[in-house]
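Colleague: I have a model here and would like to go through it with you. Could we start with the terms and then take it piece by piece?

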Amino acid sequence: MNWRLGTSVAVAAVALAWGVSATAQTPGATYVGNDTCATCHEEVVDQVAGTAHGSPAFGRLSAHGCESCHGPGSAHADDPDNEALRPSLAGKKAADKDAMCQSCHDGGKQFFWHGSMHQTRGVSCADCHSVHAPKSEVALLSSRNAMESCLSCHKNVRAELWKNSHHPIREGKIACADCHNPHGTQTAKLIAAESVNEMCYSCHAEKRGPFLWEHAPVRENCLNCHTPHGSNHIKLQKTSVPYICQQCHSNTRHPGTLYDNTRLPGPDAPQTGSNRIFNRACLDCHATIHGSNHPSSPYLGY
Amino acid sequence: MRAQHRFVVTLAAALALFGGPLAADDKATGFQLNLDRLDLAVYDVDVDTDSSKFNEYSDWTTGFAIPKMVITGGDAETGRYLSLRSSWVGRRDARYTLDYGVSGRWGMQIDYNKIPHHFGNNAKLLLTETAPGRFELSDTIQQALQTTLVNQFAANRNAINYAYLNNLLRPFLAASNTLDLGLQRDRTRAKLDLGKMGRMAWNLEYKQENRYGNRPYGAAFGFGSVVELPEPIDYKTSDAQISGELKGKKGGLTFGYRYSKFENDLAAMIWDNPFRITSSTDPSAYQAPGTASVGGSAIGLAALAPDNEASWMFVNGRMKAGTWNLSGALSFGTMEQNDPLQAYTENTAIVGVGFNGQTFAATSRGALPVSNADSKVDVLTFTGSANTRFADNWTLGFRVKYYDYDNKSATIRFPGYVRYHGVWEEIGRVTVPYAYTIEDYSADLGYSIGKDGRLGLMVARQSWDRKFREIETSDEDILRLTYDTKLGRLDLRFAYEMGDKSIGEYSTEAQEVTFIHPEGINNLPALRKYDEAAREYDAFSVRGHWWISDRVDLAFGVTSRDDDYTKSRFGLVGDELIQYDAELSFAIAEGSNLYVFYHRSDREVFQRSRQSGATPSTNPLDDWDVTFEEANDTAGLGYNMTSGKWKLDLKGTWNKSDGLADMFSPPGGAPNLAVGFDDYEDIEILSFKMALDYELTPNLSAGLDYRYEDYSLSSFITRGLTYYLPGALLLNGNYGDYTANVVGLRFKLRL
């Protein structure tokens, strides 16, 4: 058992020993309408009124306003101090809260919510969305935008986005949801395509091919060489060229050659430089590394 | 006047004319339009260098700007709505999103997103692009350089070294053109949600991206003659999809068809050889210009990304059966490419030799065995999952995925090829339709503990079946243990995962499948390509969120992953990553919030190789290895405050990467010594943003924007770069250090 597994077991044991008890909700009685809710919860009702859930058009989908989600509120209205009668969703299990949202939002992007990673790990709709007080312009998010919403949990990714080579996510030009569907997909990592590569091709269609000369690992998985959230190496490479190439190509002659400090151009000694390590290294010659359509390019050179 | 300014002036005039009506009731229809927000600003941008990194994905310039504009409208009675959200109006990084429809019935969205991507400024190009994809050098210069080189080769070939060539090129480089490297993506996406028609709901979607500009491309005439060029980009990608959705009480079904077409207006790039005006060939032509040869082609030729198209039919289903939630997806797609092939070369001196021994002009397309690529892949994907909750606290899930990448491309046999435009290599090559199938199976058992606790155990197996690669079959067994809970005010998520990939026989001969007559193994027999190699890994993650009080919360985490390529003697051997992070948020008072965060990651990559000559070395003293150590620190803080009529928003982020390449080679071999370096990507960026607003009236506020960025790059890969280095004529665009200050005065209008 290595240290990771040992630490894992220890943390799990402590957490299990602590334990948590469940709370129960009491069902309400009859519908009383938004006006009754507003007598005490005016601010919330006003906030919701400014959202899609508060629009008059919502009335065509449900006639019960607040009680569409909270359930009939007469018992609570009659005895507002009785905590057991409060139709709040806050104390409910994630699955119960999700079931409430899914009673309407069960198609489109939410089609595969059941069984998705977020659902099985207990992330509920309300962890990202705020029906009462959304901060975003769209999608009723509890964060100012979708990226902040994702990064509120995926802290590692935030640091990745600040690395030198990155997709324009922090610049706001693409969003996490352009590649992932947080509501569930049938592909690992909530990728919104049949495979990682098919996702990448949606923006990098010139690499889709198929080409005359293929580079097999490229065709299998872009992530063999690239890391999508950020890298300090050019073109989101996992390891910099030429070394990432040498992780697979240790052939005779130049692919297996050591490219060390002595082969870099010195400030006063440019003649020491090798075009196989500086600039784009291997890619200085093997420019069509994703595949080539040139009859003379079996080495993906030109 | 720049197009941006013309656009802005036009828009401002239109707003002045129509601003009143926009804000007024349209009583005839009941539809009311509001100019919800209009930000007008003037910015002063001061950057101390011409680094493209400052505007890598943006378009900051001094002058007038419209950072934001929002127009909304609606009709309470009919549910009709409209929303137009715009940012950076008129700039190269502008975005406009229009939503229109009737709530609950139908809706449409048109999104226009402009994304610039700058790669380097003030690059230098000895050649001139005389037509799209055609790069030429004046005949006078070409002739002068060729004559000088030929004479020198005859007189003393050993003098043709870097210093000699650098002196030869220097005056021409000094007089050559500069250009900025970068491209622009203009994306349009239109979605139409037709709403329900009977029991069916229908959606249409169309996307088009026009991509234009350039990017660096490593064109080459030989090992010692890279001529880096700005590859012209003129792409159009069009995607269309129609889908339907049927929902029932116990399930749902979606289905549709998706089509994608990629078009490149440029099939090829052709460029002059700076060192040759007349094409020639000799067995060493790809070593030119140098002591071995000053021959070679006068013109280079590269095939650019070919047009391609793809389509998919898909159907997704979901149903509830008793306590089980069942879902599945099936799709069948094709990807095709059938562009006409370019000739072997543009070098008129090269004579090709066919399978039958007959010779042909290698510049003739008619000499190719086929005229088009005829490449096609079918992709079949099936996924299915079944999940249930049983015995109150237990959940059970199964998942299966089958992905078949069936390459039906033609296998094309070429009698040889032209190496670096310099010489015909009579080495028969054959294209290879690499293909693979992936099968994933997993089972997930969960046990709920209390209201918010869940213990999960997942076991999975991923199996690969490849064609034409070193490994035909591999199986990876994965075990994952998770525990999520709430301990009072503490949310805790924990995961541990381990995997063990076993592989079938590793065929080092597989790399020779592109040769009609295998030449013999030239990769190290003990090397394992890491994407196929046997591997053991374990990963660990703890994430916590502690709501210390109603005002203070702390999020923290530790994650790590360790990959060991247990049977790889050469190649990637190990990759280890550990990360820590913490973030503290503090609601100081009503309308006053502060956060600080810190993230640290340490990565260590170890790989080994053996330097070889013409045959794989068997001498362990020729081994070398390298350990890359990358430490990355990211820290940030943010503060926002609203007090009376004042509003302040501050954000600062600092990111620093420190990399090291620690190399070793035992003495006595070749290499005899390995000298590592400590600038394996040392990068630092400090970014600070401030927005201070004062409410002049309920509808108008004035604001001061300030942005500071300081960026530095110290990387082995850019160390000492200039326009000509040994064996490479480089564009050398600047994407290095900069310090930038942006100051802006902004007015925010709400009607």
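Modeller: Gladly! A residue is buried if 20 or more other C-beta atoms lie within 10 Å of its own, exposed if 12 or fewer, and partly exposed in between, with C-beta atoms placed from the backbone. This is a predicted model, in which local features need pLDDT of at least 70 and side-chain atom pairs count only at pLDDT 80 or more, while totals for chains, interfaces and linings use all residues. Residues are numbered from 1 along each chain as its sequence is written, chains are lettered from A and ligands are numbered from 1, in the order in which they are written.

Colleague: What share of chain B counts as buried?

Modeller: Chain B has 751 residues, and its C-alpha atoms fill a box of roughly 85 × 70 × 55 Å along the principal axes. With the cut-off above, the buried share of chain B is 36%.

Colleague: And how many helices and strands are in chain B?

Modeller: Helices (H or I, at least four residues) and strands (E, at least two) are DSSP runs, numbered from the N terminus. By that rule, the secondary structure of chain B comes to three helices and 39 strands.

Colleague: How many helices and strands does chain A have?

Modeller: Read from the N terminus on, the elements of chain A are α-α-α-α-α-α-α-α-α-α-α-α-α-α. That gives chain A 14 helices and zero strands.

Colleague: Which domains make up chain A, and how many residues of domain 1 touch domain 2?

Modeller: Chain A is divided into domain 1 (34-85), domain 2 (106-190) and domain 3 (206-284), with bounds that come from an automatic or database domain assignment. Two residues are in contact if their C-beta atoms, placed from the backbone, lie within 7 Å. The centres of domain 1 and domain 2 of chain A, taken over C-alpha atoms, are 28 Å apart. In their contact, domain 2 of chain A contributes five residues, and the number from domain 1 of chain A is five.

Colleague: Which element gives the largest share of the side of chain B that touches chain A?

Modeller: In total, 153 residues of chain B are in contact with 101 residues of chain A. The largest share of that side of chain B, eight residues, comes from strand 19 (residues 375-390) of chain B.

Colleague: Which residues of helix 2 of chain B are buried, and why do they line one face?

Modeller: An α-helix has 3.6 residues a turn, so residues three or four places apart point the same way. Seen down the axis of helix 2 of chain B, the buried residues fall within an arc of 100 degrees (of the directions from the helix axis to the C-beta atoms), so they line one face. The opposite face carries the exposed residues B:Thr140, B:Thr147, B:Asn151, B:Ala154 and B:Ala155. The buried ones are B:Leu145, B:Gln146, B:Leu149 and B:Phe153.

Colleague: Which helix is included in what covers those buried residues?

Modeller: The buried residues in question are those of helix 2 of chain B. What covers them includes helix 3 (162-174) of chain B.

Colleague: Is A:Asn279 buried or exposed?

Modeller: A:Asn279 is found in the segment after helix 14 (243-246) of chain A, and its phi is near 55 degrees, a positive value in a residue other than glycine. Because 24 C-beta neighbours lie inside 10 Å, A:Asn279 counts as buried.

Colleague: Which residues does B:Asn741 contact, leaving aside neighbours within four places in sequence?

Modeller: B:Asn741 lies in strand 39 (residues 738-749) of chain B. With 15 other C-beta atoms within 10 Å, B:Asn741 is partly exposed. Its contacts beyond those neighbours are B:Asp46 and B:Tyr708.

Colleague: One last thing: what is omega for the cis peptide bond from B:Ala288 to B:Pro289?

Modeller: B:Pro289 lies in the loop between strand 13 (268-272) and strand 14 (299-303) of chain B. For the cis bond from B:Ala288 to B:Pro289, omega is near -5 degrees.
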